[in-house]
Amino acid sequence: MNSFIFIDESGITEGMEAKQPFFVIGFLKIEEPDLITKELVETHNSLTAGFKAERKKLLKDLVTNPRVVSGNDINLIMRATRLPEYHFTEIKDGDSINKYKSFIDVLFKYKFHFCALTVNKDDPNFSKEIYGDFWKSYVKYIKILCKNNCKKNERCTLIADYVTKPKRHFTDLSKELLKISTVHNVLRCHSHGVPLLQMCDLLTGCVSFELKTQNDTANDSPAIAAKRAVTLHLSKRLGLKNSISFSSNKGVTINNGGKYFSIWPLLLKKKL
């Protein structure tokens with residue numbers, strides 16, 4: 001069996017962003033990446049068809065009847081209609097909710113295997129000496145995800161969102177992953193132009209968001225409310241009545257009709 005694995009992460013374990021309470025690595029395994037990618041692109045094109053028609057009409061009108069363009073005209077002219085990057089952080093208002101819901105709906109037409117490994121940095125057992133080195137943790141946890149989510153007879157090509165390796169580190173991600181018998185090829189690249197990397201970002205973002213907010217809706221801004229709506233939609237597609245329910249120390253596994261979705265909280269120890 002040949003599969004493609006897509007890897008994305010949310011949060012880090014050191015530096016300025018180390019204040020984030022959770023570090024999450026998402027693992028998305030797909031058997032039919034080309035079919036899903038084709039449909040994701042077609043879905044995006046159908047959602048933006050109206051903007052393309054409006055822009056074409058506006059440009060034709062400006063040639064026929066020259067005038068000073070308004071701010072709305074400029075926004076329409078400059079608005080990107082080619083496939084943009086779909087990222088969880090870009091869900092900022094109500095207008096983006098349906099677009100991201102449609103993106104998720106495409107995935108659920110196919111078989112997929114998603115697992116998110118989560119690290120709670122507020123856990124009393126979290127030690128910077130053991131878990132705080134971002135690059136070491138990043139490489140180690142991807143290896144753990146591959147070893148526990150790939151079958152012995154699989155040949156997997158792994159595509160990871162490009163993360164810059166700190167200069168002080170000599171561990172090469174590709175060389176480490178190729179030591180795993182089921183991983184046969186590794187590519188690190190930026191997610192622009194790779195919709196399934198963006199899908200992994202979206203699923204990973206939903207997990208990280210739910211962990212951080214824990215259904216606390218008291219101070220929802222428009223952006224937070226929009227993110228919550230997309231996360232709730234994912235939960236319903238997974239067959240849950242409410243949003244993804246799990247605490248920082250309890251995971252969840254849903255395996256339904258070829259749709260596998262798992263949250264795996266890493267059990268932290270004071271000493272290795």
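How much accessible surface does the protein chain have, and what share of it belongs to carbon and sulfur atoms? The accessible surface comes to about 14,800 Å², and 52% of that belongs to carbon and sulfur atoms; areas come from the Shrake-Rupley method with a 1.4 Å probe.

This is a predicted model, in which local features need pLDDT of at least 70 and side-chain atom pairs count only at pLDDT 80 or more, while totals for chains, interfaces and linings use all residues. Residues are numbered from 1 along each chain as its sequence is written, and side-chain values use heavy atoms, with hydrogens and water left out.

The protein chain has eight helices and seven strands, taken as DSSP runs (helices H or I, at least four residues; strands E, at least two) and numbered from the N terminus. Of its 272 residues, 47% are buried (buried is under 20% relative accessible area, exposed over 50%, partly exposed in between; 1.4 Å probe, protein chains only).

Two elements hold the residues described below.

| Residue | Element | Range |
|---|---|---|
| Met78 | helix α2 | residues 71-78 |
| Lys259 | strand β7 | residues 259-265 |

Met78 counts as exposed because its relative accessibility is 64%. Together with Val69 and Ile74, Met78 forms a nonpolar surface patch with about 290 Å² of accessible area.

Lys259, by contrast, is buried and has no salt bridge (a side-chain nitrogen of Lys or Arg within 4 Å of a carboxyl oxygen of Asp or Glu). The nearest side chain of opposite charge is Glu32, 9.2 Å away. Beyond its neighbours within four places in sequence, Lys259 is in contact (heavy atoms within 4.5 Å) with residues including Phe108, Tyr110 and Ile254.

Conventions. Lys and Arg count as positive and Asp and Glu as negative; His and the chain ends are not counted. Patches are made of residues with over 30% relative accessible area and no salt bridge: like charges are joined within 9 Å, nonpolar side chains (Val, Leu, Ile, Met, Phe, Trp, Tyr) within 5 Å.
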